Amino acid sequence: MSHEPQAMNEFELNTTIANLRDLRESDLRDYDAVYLGDIYCRIYEANFLEHLADLEEGLQILQDQGKRAYVTTYAAPRNDFLPKVRKMLEVSAAAGAEAVEIHNLGILKIAHDEFPQLPVHIGGFANVYTDAGAEALRGFGAVRFTPNYELSLDEIHEITTTCGAPMELLVHGKMPLGISDYCFLLEYEEKWGIKCPDLCQKELFVKQGDWAMKSVGKGILSGKDVCMLEHLPRLLAEGHRYFRIEAVSESPAYRREVASVYRAALDRTIGGDGAVDEGWWETLRRHARIGLCNGFYFGKSGMDYAGIRPDAIGSLSTISRAES
Amino acid sequence: MAAPVLLAPAGSPDAVLAALDAGADAVYVGLKGWSRGGARRELGWDELAATQRQVASAGRKLQVAVNTIPKPQERAQLFERIPALLDLGIDEVIVNDIGILAALERRFPELRLTASIGCGAQTVADVAFFRDLGAHAVVLPGTVSPAEMREIRTVRGIRVEIMVHMVEEFVLLGKCWMPSYVHLKPSPLPTVFPSEVADAGDAPEGALRGMRQTGSMKRGGVGACFRICQQPWELYASGRRVDARLFPGRQISRIAEVKAYAEAGVDVLKLQGRSLPVELLAPLVRRYREAIDAGTVSAADEIESAALPATWAVVGR
């Protein structure tokens with residue numbers, strides 16, 4: 001297994017994979033770590049969080065590849081989720097998961113009380129907005145934090161300098177924007193002749209005026225891909241070492257090619273050269289259906305782009321592009 | 001079986017009086033500049049002081065929502081003012097953030113802190129977490145059933161409130177940043193306390209006390225969310241436009257289950273709607289008062305959602 005970043009020239013690049021099929025189809029050579037599971041829906045196709053034999057196998061696959069094997073957890077559970085969550089945490093601990101990502105505060109309490117051997121990474125839905133929030137969750141065993149996506153880099157830096165909490169930042173991919181108790185896609189089973197869990201495997205966008213978002217059933221993601229390629233020198237200079245490519249709803253090709261770009265860019269930046277290859281840029285643009293944005297990192301609306309490449313902004317017209 | 005407390009919303013001193021007159025046991029209001037939902041439905045300091053005197057003289061309780069998420073420097077300024085709230089006799093404060101809840105609990109142990117519905121609690125484990133964090137009460141959404149509530153009530157040492165009358169939007173409260181994805185516009189915090197006006201000197205409004213994150217539902221702001229989820233949108237599937245529709249949302253009115261919630265051990269029945277005008281608020285509170293006093297009410301008597309204005313759903317809760 002690989003080790004946590006220790007030196008200033010080390011970092012962790014990670015992603016999320018929801019099921020065994022996706023894991024087997026993914027080339028993970030450029031990742032250091034993977035979170036297993038889908039946080040939105042219990043009946044997502046073969047979700048690791050419900051299929052515990054698959055989870056054990058998935059953890060073993062990652063360990064065999066020398067990756068840090070993490071497990072994620074549901075962002076908005078109800079009471080009836082919790083027995084399975086406990087079993088999942090038990091399996092994860094027994095199978096050697098190196099950490100569990102937690103978005104829900106009740107699951108945090110369960111993990112803290114019943115599985116203290118599992119290091120806890122706090123997910124973006126846990127709503128860490130300030131240093132006080134991070135400190136409060138440290139009291140429940142949290143060792144790494146994905147701040148709420150609405151925070152700017154300045155606000156994140158304030159948290160890290162105040163309490164020293166290591167942050168994990170989404171550097172590329174579709175940013176989570178919300179979660180629902182209700183999957184409206186189920187209304188289309190009869191009309192489309194497609195049953196759950198295949199419904200949310202389609203590429204689905206909701207569009208309104210000059211914005212669009214991606215639907216994964218109970219989850220809503222940004223329509224544009226957050227892209228921090230141009231800003232990696234700043235992220236590293238501010239001490240960040242944990243970087244996420246959010247690809248849970250993407251293809252294995254996306255997962256592989258985007259990671260390849262970021263691995264090369266991070267290596268080059270650490271070597272003192274922050275230049276961005278044109279080929280990297282073309283790869284990211286090709287995989288971004290409707291353009292790129294910077295999320296909330298620069299204190300603006302989440303779909304804004306603050307970089308130097310005007311072509312990054314993209315166009316909503318590409319939503320209706322025929323699927324290749 | 002003790003009858004649950006009826007906790008009503010109010011966005012003005014008149015609304016507070018109307019809620020009390022209609023039978024509310026307690027009323028919650030927003031503190032100007034510090035509550036989600038916008039300045040139009042918040043009380044300034046003088047209004048708050050006068051309202052607290054009226055509520056106390058009626059033998060009822062006033063809760064104050066301080067449910068934005070202040071940045072560290074803003075948080076310190078808020079903490080300086082908490083003693084003034086306590087001096088008024090207000091010790092029940094509603095918050096929306098784990099960090100401010102933990103910090104307030106440490107600094108002001110005499111405060112009784114409620115984790116608001118925006119904190120996202122839905123399960124028995126969530127309630128136990130907020131108890132351990134130092135909350136005196138936690139608010140759950142009306143989507144939580146009486147059966148779920150029975151399990152939740154096995155957690156002791158914390159008051160459990162349920163928002164029995166509310167709008168359920170597509171995205172869960174406290175887990176939505178769709179509006180700020182589209183539009184985020186920081187705006188200066190208004191002044192609240194008399195001392196702040198004196199301290200401000202020639203500084204522009206907000207310069208001393210920070211910014212509201214208008215557009216952020218979680219952090220709060222004026223006219224907070226631009227109602228992204230209430231506007232029609234088009235659905236594209238694999239590149240084809242396949243539908244035009246709205247996100248699903250609904251009015252929840254669980255008045256028919258007042259008795260079931262009481263039997264499940266719920267301590268407080270809370271109504272949503274600080275922006276409701278007096279003429280809508282008073283009959284709403286009265287209906288729930290009657291339901292609590294009667295111990296039950298038939299499902300046929302449910303309050304129809306059409307009684308509420310369409311614009312009420314998101315802004316100003």
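Analyst: Gladly. Let's start with a term: a polar contact is a pair of N or O atoms within 3.5 Å, and within protein one must be able to donate a hydrogen and the other to accept it. In this predicted model, 31 residue pairs, both at pLDDT 80 or more, are in polar contact between chain B and chain A.

User: What makes A:Lys109 and B:Asp132 a salt bridge?

Analyst: Their closest N and O atoms are 2.7 Å apart. The cut-off is 4 Å between a side-chain nitrogen of Lys or Arg and a carboxyl oxygen of Asp or Glu, so the pair qualifies. Between chain B and chain A the count is 6 salt bridges.

User: Which element gives the most to the side of chain B that touches chain A?

Analyst: H5(B) does, with 9 residues. The contact takes 58 residues from chain B and 71 from chain A, and the two chains bury about 5400 Å² between them, 58% of it on carbon and sulfur atoms.

User: How do you know that the span of helix H3 of chain A agrees with its number of residues?

Analyst: Helix H3 (residues 82–94) has 13 residues, which at 1.5 Å a residue should span 18 Å; the end C-alpha atoms are 18 Å apart, so the two agree. After H3(A) comes A:Gly96, with a positive phi near 85°.

User: What covers the buried residues of H3(A)?

Analyst: Those buried residues include A:Leu82, A:Val85 and A:Met88. Their cover includes helix H2 and helix H4 of chain A, together with helix H5 of chain B.

Notes:
Residues are numbered from 1 along each chain as its sequence is written. Chains are lettered from A and ligands numbered from 1 in the order in which they are written. This is a predicted model: local features need pLDDT of at least 70, side-chain atom pairs count only at pLDDT 80 or more; totals for chains, interfaces and linings use all residues. Side-chain values use heavy atoms; hydrogens and water are left out. Helices (H or I, at least four residues) and strands (E, at least two) are DSSP runs, numbered from the N terminus. The expected span of a helix is 1.5 Å times one less than its number of residues. Buried means under 20% relative accessible area, exposed over 50%, partly exposed in between (1.4 Å probe, protein chains only). Contact means heavy atoms within 4.5 Å. Buried area is the accessible area (1.4 Å probe) that two parts lose on being put together, summed over both. A polar contact is a pair of N or O atoms within 3.5 Å; within protein, one must be able to donate a hydrogen and the other to accept it, and residues adjacent in sequence count only if both atoms are side-chain atoms.
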